[in-house]
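Biologist: Thanks for sitting down with me. Could we go through this chain together, term by term?

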Amino acid sequence: AAAHVVIRLGEFFEFEQAITIPSSEMIYPVRWKATEKIPSGTTIYFHLHNHGFNSYRLSEIEVTPASSN
């Protein structure tokens with residue numbers, strides 16, 4: 001079986017990962033650089049589809065503004 005995880009920033013970015021279950025604890029770091037300006041207040045979506053009893057954690061989402069150079 002597999003879990004299905006999706007993180008989306010409005011319509012700008014989508015991260016999608018299938019995770020085999022059961023499995024050992026893992027960390028899935030995601031780094032992404034925007035190619036266009038994302039408006040303040042853009043909704044962040046986190047979707048997890050799972051089968052059975054499993055534990056998941058979304059530890060943080062960090063936004064670093066582009067330099068103004």
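Biologist: How many bridges join S1 to S3, and do they run parallel or antiparallel?

Modeller: Six bridges join S1 to S3, and the two run antiparallel. Strands pair if DSSP finds at least two bridges between them, so with six bridges S1 and S3 count as paired. One of the partners is phenylalanine 46 in S3, which bridges to isoleucine 7. Before we go on: this is a predicted model, where local features need pLDDT of at least 70, side-chain atom pairs count only at pLDDT 80 or more, and totals for chains, interfaces and linings use all residues. Residues are numbered from 1 along each chain as its sequence is written, and side-chain values use heavy atoms, with hydrogens and water left out.

Biologist: What makes S1 and S2 a pair?

Modeller: Eight bridges join strand S1 (residues 2-9) to strand S2 (residues 13-20), and these strands run antiparallel. Within this pairing, alanine 2 stands opposite threonine 20, and valine 5 stands opposite glutamine 17. S1 and S2 form a hairpin with three residues between them. In the turn, glycine 10 has a positive phi of about 50°.

Biologist: Which pattern does the protein chain follow along the sequence?

Modeller: The pattern is β-β-β, with zero helices and three strands. Those are DSSP runs numbered from the N terminus: helices are H or I of at least four residues, strands are E of at least two.

Biologist: Why is phenylalanine 12 called partly exposed?

Modeller: Its relative accessibility is 33%. Buried means under 20% relative accessible area and exposed over 50%, with partly exposed in between (1.4 Å probe, protein chains only), so phenylalanine 12 counts as partly exposed. Phenylalanine 12 is found in the loop between S1 and S2.

Biologist: Which residues does phenylalanine 12 touch?

Modeller: Not counting residues up to four places away in sequence, phenylalanine 12 touches Trp32, Glu36, Lys37, Ile38, Pro39 and Thr42. Contact here means heavy atoms within 4.5 Å. From phenylalanine 12 to threonine 42 the C-alpha distance is 9.3 Å, across 30 residues of sequence.

Biologist: And why is glutamine 17 partly exposed?

Modeller: Glutamine 17 has a relative accessible area of 24%, so it falls in the partly exposed class. Glutamine 17 sits in strand S2. Leaving aside neighbours within four places in sequence, glutamine 17 is in contact with Ala3, His4, Val5 and Tyr28.

Biologist: Which peptide bond is cis, and where is its proline found?

Modeller: The bond from isoleucine 21 to proline 22 is cis, with omega near -5°. Proline 22 is found in the loop between S2 and strand S3 (44-49).

Biologist: How many of the 69 residues count as buried, as a percentage?

Modeller: The buried share is 14% of the 69 residues. Among contacts between residues at least 6 apart in sequence, 52% join residues at least 24 apart.
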